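Please look through the structure below. The paragraphs after it go from definitions to the whole chain, and then to single residues and pairs.

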Amino acid sequence: MNLNNIQTERRNQNTLNIDQMTTHEVLNIINEEDHIIPDAVKETLPVIERLVDRIVDGFQHNGRLIYVGAGTSGRLGVLDASECPPTFGTPSDQVIGVIAGGDKALQYALEGAEDDEEQAVLDMKKLSLTKEDVIVGIAASGRTPYTVAAMAYAKEIGATVGAVTCSENTKMEEVAHHSIVANVGPEVVTGSTRMKAGTAQKLVLNMLTTASMIKIGKVYSNLMVDVVPTNSKLVQRGKNIVAEIAGVSAEEAEKALEEYGSTKGAILSLLTGLKGEIVHSTLERYDGHLRKAIESAFVTS
């Protein structure tokens with residue numbers, strides 16, 4: 001691999017003397033370089049849009065979103081996937097993060113794992129991929145062997161393949177159906193892609209899952225109405241969401257939550273006057289899409 005051909009491996013001309021700067025100067029130059037990231041991501045929005053639409057279509061046909069990466073990129077994928085169940089109430093297998101080296105690589109640097117192409121294929125086979133799945137490879141360089149091999153296998157199966165990279169004209173671009181290239185330029189410290197490249201990747205992954213979840217009805221207005229109340233903060237958040245949307249007191253919200261067991265059920269009942277099993281059946285009819293369920297209840301009433 002010729003590192004000179006990878007944008008993220010090039011030397012940043014603005015930081016050649018960073019080791020001689022004061023602390024203030026170091027922090028200032030890092031901040032200045034970070035300002036490049038949002039514009040680089042903005043340039044990729046048309047591709048992100050197409051990939052989100054494909055993810056939504058996959059979700060609607062029991063497909064999954066599967067992130068694949070090594071090192072920092074892999075950890076970012078696992079992080080984004082692991083946040084979906086508590087935030088959006090998704091099943092744990094709807095959004096999956098796969099990292100080269102497995103769970104151990106989340107905490108320890110297993111740099112050799114990124115070259116293991118055979119293991120990448122085995123890891124994909126364990127997931128029993130289907131044509132409804134969307135596999136998104138993540139790698140700043142766009143060339144990580146593990147990630148490329150996983151993407152290539154997924155493409156052979158007939159799944160949709162996306163890529164999130166920070167370097168142009170790469171192997172991942174060749175393999176992917178949808179290639180998101182956030183060209184953030186060389187890092188402050190040469191090759192340290194946990195910095196600008198990692199931040200850009202995180203922004204893109206935020207968009208992929210959040211936009212997809214919004215489109216399948218996991219958000220009402222800008223509130224996470226499928227939040228899972230797994231701790232006291234989230235229990236209170238659920239009560240606040242019900243009270244705010246339905247315009248009722250905290251006590252009424254709590255009572256409705258106890259009766260229907262979910263924020264969506266409580267909101268639907270309080271807003272429409274529906275009671276009992278019809279609340280659950282109405283939500284089920286619209287695949288849990290609260291706004292559609294509310295609109296249908298008012299149309300038929």
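Buried means under 20% relative accessible area, exposed means over 50%, and partly exposed is what falls in between (1.4 Å probe, protein chains only). By that rule cysteine 84, at 1% relative accessibility, counts as buried. Cysteine 166 also counts as buried, at 1% relative accessibility. The structure holds zero disulfides, a disulfide being a pair of cysteine sulfur atoms within 2.5 Å.

The model is predicted: local features need pLDDT of at least 70 and side-chain atom pairs count only at pLDDT 80 or more, while totals for chains, interfaces and linings use all residues. Residues are numbered from 1 along each chain as its sequence is written, and side-chain values use heavy atoms, with hydrogens and water left out.

Now the chain as a whole. It has 14 helices and five strands; these are DSSP runs numbered from the N terminus, with helices (H or I) of at least four residues and strands (E) of at least two. The C-alpha trace spans about 65 × 50 × 35 Å along its principal axes. Of the 301 residues, 50% count as buried. The accessible surface comes to about 15,000 Å², and carbon and sulfur atoms hold 49% of that area; the areas come from the Shrake-Rupley method with a 1.4 Å probe, and for residues only the protein chains shown count as cover. Among contacts (heavy atoms within 4.5 Å) with a separation of 6 or more, 67% are between residues 24 or more positions apart.

Threonine 8 gives a local view of such contacts. Threonine 8 is placed in the segment before α1 (23-34) and counts as buried at 1% relative accessibility. Which residues does threonine 8 contact, leaving aside its neighbours within four places in sequence? They are Ala140, Ser141, Cys166, Ser167, Glu187, Gly191 and Thr193. Cys166 in that list is the buried cysteine described above.

Charges come next. The chain has 28 positive and 40 negative side chains, and the centres of the two sets lie 3 Å apart. Lys and Arg count as positive and Asp and Glu as negative, with His and the chain ends not counted; the place of a charge is taken as NZ of Lys, CZ of Arg, CG of Asp or CD of Glu. Side chains of opposite charge can pair when their charged atoms come close. A salt bridge is a side-chain nitrogen of Lys or Arg within 4 Å of a carboxyl oxygen of Asp or Glu, and a search of the whole structure finds nine.

One of them joins lysine 264 and aspartate 226, at 2.8 Å from N to O. Lysine 264 is in helix α12 (residues 263-272) and aspartate 226 in the loop between α9 (196-215) and α10 (232-246), so the pair ties together parts 38 residues apart in sequence. Both residues are buried.

Lysine 239 and glutamate 254 form another salt bridge, at 3.4 Å from N to O. Lysine 239 lies in helix α10 and glutamate 254 in helix α11 (residues 250-260), so this pair ties together parts 15 residues apart in sequence. Lysine 239 is buried because its relative accessible area is 18%, whereas glutamate 254 counts as partly exposed at 32%. Elsewhere, salt bridges that share partners join Arg54, Asp57 and Glu132 into one network.

Glutamate 132 is partly exposed, at 27%, and arginine 54 counts as buried, at 15%.
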